Amino acid sequence: PLFPRAALWRGDIPTLPVSAIVNAANSALLGCFAPGHHCIDNPIHTYAGMQLRLYCHEYMEKQGYPQPTGVGVLTPAFNLPCEGVIHVVGPIVHGTLTQKDRQALKQSYLSCLGIAQREQVESLAFCCISTGAFHFPPEEAAAIAVHTVLDFLKDSPYPKKVVFNTFTQPDDAVASHRPAGYLLLRSHKPLLLGFPHFRSKRFIG
């Protein structure tokens, strides 16, 4: 059977008109400062516009310290087609993968899901946290992502729908880690498959 609340989609996450998308951020929370760098942080800030960087700058000024690993932050999406962006700093893997790295990645997903639950987010799209410049092995990251998210959904009505967004072939490992007996629906157009777009002022700061 299909898992009714989750789907796999390959493409550019900034183009998804879901309720919220997840951004794999750095601890400065100000986007990527390397033009053309192949991280998800770069296009999200680029297409959201300078408003997002200014919003994050004000947030970080008030906070007064770098964003901790595994703690999500919800901001408006500004010029993106989604309503909100949940920024989370995933673990950076130095050399051999450790249990601490695995726990930090799981906590990154749980933090985003907790925000989605609190804000009653209808549809949430996850990028592959930490698998790019932060060097978390894609296969193991996919297993942690899928099992963490689907276990959470068993006990929570929100988010109502989750999209696992992949961009590179190694990220497609997500598809092989669904629970036994379930399939993740592959789709080029998640919204045509009943993924609602949540329109609300709740994400506007």
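This is a predicted model: local features need pLDDT of at least 70, side-chain atom pairs count only at pLDDT 80 or more; totals for chains, interfaces and linings use all residues.
Residues are numbered from 1 along each chain as its sequence is written, and side-chain values use heavy atoms, with hydrogens and water left out. Local features need pLDDT of at least 70 and side-chain atom pairs count only at pLDDT 80 or more, whereas totals for chains, interfaces and linings use all residues.

The chain holds four helices and seven strands, taken as DSSP runs numbered from the N terminus (helices: H or I, at least four residues; strands: E, at least two). Along the sequence they follow the pattern β-β-α-α-β-β-α-β-α-β-β. Of the 205 residues, 53% count as buried, that is, under 20% relative accessible area with a 1.4 Å probe and protein chains only. Contacts are heavy atoms within 4.5 Å; among those between residues at least 6 apart in sequence, 72% join residues at least 24 apart.

Strands are said to pair if DSSP finds at least two bridges between them. β5 runs parallel to β2, with two bridges joining them, and here Ile 21 stands opposite Ala 125. β5 also pairs in the parallel sense with β6 (residues 161-166), over four bridges, where Val 163 is the bridge partner of Ala 125.

Nonpolar side chains tend to be buried together in soluble globular proteins. The largest nonpolar core here has 48 residues, a core being a set of buried Ala, Val, Leu, Ile, Met, Phe, Trp, Tyr and Cys residues joined through side-chain atoms within 4.5 Å. Ile 21, Val 22, Leu 124, Phe 126 and Val 149 touch the most other members. Helix α4 (residues 138-155) gives the largest share of this core, eight residues. Leaving aside neighbours within four places in sequence, the contacts of Val 22 include Ile 13, Ile 44, Leu 124 and Phe 126.

Just after α1, Gly 49 takes a positive phi of about 95°.

Finally, the axes of α3 (residues 99-118) and α4 come within 10 Å and cross at roughly 35°, the axes being lines fitted to C-alpha atoms over the stretch in contact and the angle running from 0 to 180 degrees between N-to-C directions. Residues making this contact include Leu 105 and Tyr 109 of α3 and Ile 144 and Val 149 of α4.

Notes: Buried means under 20% relative accessible area, exposed over 50%, partly exposed in between (1.4 Å probe, protein chains only).
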